[in-house]
Structure formats: C-alpha cells, structure tokens
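Welcome, and thanks for taking a look at this one with me. Here are some notes to read alongside the model.

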Amino acid sequence: MPLTRAQPAPGPEAMETVAPAVDLTRLQLQGELQARGTYPRHYRGFVASVVAVARADGLCGLQKGLAAGLLYQGLMNGVRFYCYSLACQAGLAQQPGGTVVAGAVAGALGAFVGSPAYLNVLDALGTIWRQRGLVGLWQGVGGAVPRVMVGSAAQLATFASAKAWVQEQQWLPEDSWLVALAGGMISSVAVVTVMTPFDVVSTRLYNQPVDGAGRGRLYGGLADCLVKIWRQEGPLALYKGLGPTYLRLGPHTILSMLFWDELRKLAGRAQHQGS
C-alpha cells in the first residue's frame with residue numbers, strides 16, 4: 001500500500017527514513033537499505049504494528065488507503081480475470097504450461113491498468129498529473145507488473161492444479177464450493193511464497209522519493225532494488241513482513257478464487273439453460 005514517507009536525511013546518521021508517526025510504515029519499509037541491527041525497530045511484528053499505528057493515528061489509521069486499495073483491486077483483478085477467462089476460452093490454458101503463461105500475461109495487463117490507482121485517489125491523482133504528467137501516474141509500475149505477473153501465474157496455475165487434485169481425492173462432492181475453497185487455500189501458500197519478494201520491491205519503488213524529473217532517488221528500477229536490498233539488508237529482507245503479507249494475500253486469494261469459480265459455474269449454467 002502506498003505510504004507517506006519522510007525524505008531521507010543525508011549521511012549515515014539517518015537511521016530511519018520513514019517517520020513512524022506519519023503512517024503505517026509496514027515491516028517491508030523498516031530499515032530500508034540498512035544492515036540488520038543498525039536501525040531502531042519501531043515495528044516488531046503484525047500485532048505490534050497494529051498497536052503502534054492505532055496509538056499514533058487512532059483506529060481509522062488502520063484503514064488509510066482503503067479507497068485506493070479497493071480501486072486498484074477492482075481495476076487490476078477485473079482486467080486480470082477477464083483476460084484469463086478469454087485465454088481459457090481460446091484453449092491456451094489447456095496447453096502445457098498454458099495456465100502459467102495465461103496467468104502471467106493477464107496479471108501484467110491487470111497491474112498496468114490498475115497502477116495509477118495504486119498511488120492514491122482523486123486529489124492525489126490530480127496532483128500527480130499536474131506535477132509529473134501522465135507518466136507520473138505509472139510511477140513504480142516497473143515493480144508492480146512483475147509482482148502481479150508472478151503472483152497471478154502462481155495463483156491461477158496452482159489453483160487449477162490444486163482443485164483438480166482435491167477432486168481426484170474424492171474427499172468432497174465434485175461440484176461442492178468446498179473444492180474451490182480447498183484449492184484456494186493451497187494456492188494461497190504458493191502465492192505468498194513467490195510474491196512476497198516482489199511485494200517488498202514494489203513497495204520500495206512506489207514509496208521512494210523522486211527528483212524533479214520523476215526519477216527515483218534510491219532505486220533505478222526492479223533489478224537495482226533487488227540487488228541493493230540483497231547486498232545491504234541481506235536476502236531475508238526480501239521476506240520482510242511475511243506474516244502480515246499472508247494475512248492480506250492469503251484471504252484475498254482464497255476468497256477471490258472461490259467467488260470467481262462459483263461465478264463461472266453460474267455463468268456456465270445460465271448459458272447452458274439459454275441455449
């Protein structure tokens with residue numbers, strides 16, 4: 001989620017580049033480009049983060065960015081599921097590796113369309129347009145597209161495989177919604193595992209300060225961000241906030257897969273009855 005950032009102070013004495021009282025820094029931004037153990041840890045886990053934000057901004061602070069998040073998810077997932085459904089109808093998903101390719105392409109298109117909403121809403125969009133022009137609305141898209149490509153490919157491919165595996169075990173009635181629920185639960189683990197590093201990178205790219213030309217001051221792009229995090233913070237830094245990430249992406253994957261599968265069933269039945 002996009003956050004309000006404090007500008008990093010020059011020199012090694014700048015121990016924390018994000019002001020804890022301003023917004024939810026998230027574990028993914030804490031200690032940015034600083035070696036482990038050299039910065040104060042204001043947030044030590046999901047519960048501690050929630051308590052810290054609630055104390056600083058009140059309970060409403062926990063829902064900051066909700067409108068932007070809803071708009072982004074609506075645009076991104078609407079485009080993503082529509083494009084994947086078209087690929088399935090065209091028979092691409094039935095080819096070897098087809099679900100992975102279709103999921104990745106659909107995810108890339110969805111991320112690109114939804115990227116402006118990921119920044120902020122209404123007044124913020126107008127401000128960005130005036131200050132940075134049309135291109136400014138897609139700041140950080142270089143991190144968002146690979147992030148959603150990887151997540152979408154893992155989500156849709158593992159869901160299809162997991163659902164088929166659950167059906168083969170015959171633990172549940174074949175047409176039961178519980179089959180999709182179980183498939184979504186298995187898929188959620190794969191999604192969070194492969195997506196968290198890209199989630200960290202995307203968060204860093206979207207929230208970094210920029211110069212007058214709109215260029216990032218901390219990272220030159222996806223690869224530069226990955227290398228800097230690996231070298232300066234260590235490889236485990238790519239999994240910062242893994243627990244909270246699952247609490248966000250896990251239910252999202254489970255419920256979106258369940259609802260999408262059930263809606264496809266309803267649409268198929270309606271089409272069959274109308275023919």
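1. A word on the source before we start. This is a predicted model, so please read each point as a description of that prediction.

2. Let's begin inside. The largest nonpolar core has 13 residues, and Phe 81, Tyr 84, Leu 156, Phe 159, Met 257 and Trp 260 are the ones that touch the most other members. Helices α3, α4, α6 (141–169) and α9 (242–274) each supply at least two residues of this core. The helix that gives the most is α3, with 4 residues. As general background, nonpolar side chains in soluble globular proteins tend to be buried together.

3. Leaving aside residues up to four places away in sequence, Phe 81 touches Gln 155, Leu 156, Ser 256, Met 257 and Trp 260. Is Phe 81 buried or exposed? Phe 81 is buried, because its relative accessible area is 12%, under the 20% cut-off.

4. There is also a second, separate core. This one has 10 residues, among them Val 201, Leu 218, Cys 225 and Ile 229.

5. Now for the rings. The count of aromatic pairs comes to 3. Phe 81 and Trp 260 form a stacked pair, with 5.2 Å centre to centre and 20° between the planes. Phe 81 lies in helix α3 and Trp 260 in helix α9, so this pair ties together parts that are 179 residues apart in sequence. Trp 260 is buried, with a relative accessible area of 10%. Ring pairs also bring in Tyr 84, linking Phe 81, Tyr 84 and Trp 260 into a cluster.

6. Helices α3 (66–89) and α4 (98–119) each supply at least two residues of the patch.

7. One backbone detail to finish. Gln 170 has a phi near 60°, a positive value in a residue other than glycine. Where is Gln 170 placed? Gln 170 is in the loop between α6 and α7 (177–207), and Gln 170 is exposed, with a relative accessible area of 67%.

Definitions and conventions
Residues are numbered from 1 along each chain as its sequence is written. This is a predicted model: local features need pLDDT of at least 70, side-chain atom pairs count only at pLDDT 80 or more; totals for chains, interfaces and linings use all residues. Side-chain values use heavy atoms; hydrogens and water are left out. A nonpolar core is a set of buried Ala, Val, Leu, Ile, Met, Phe, Trp, Tyr and Cys residues joined through side-chain atoms within 4.5 Å. Buried means under 20% relative accessible area, exposed over 50%, partly exposed in between (1.4 Å probe, protein chains only). Contact means heavy atoms within 4.5 Å. Rings of Phe, Tyr and Trp (its six-membered ring) pair if their centres lie within 6.5 Å; planes under 30 degrees apart count as stacked, over 60 as edge-to-face and the rest as tilted.
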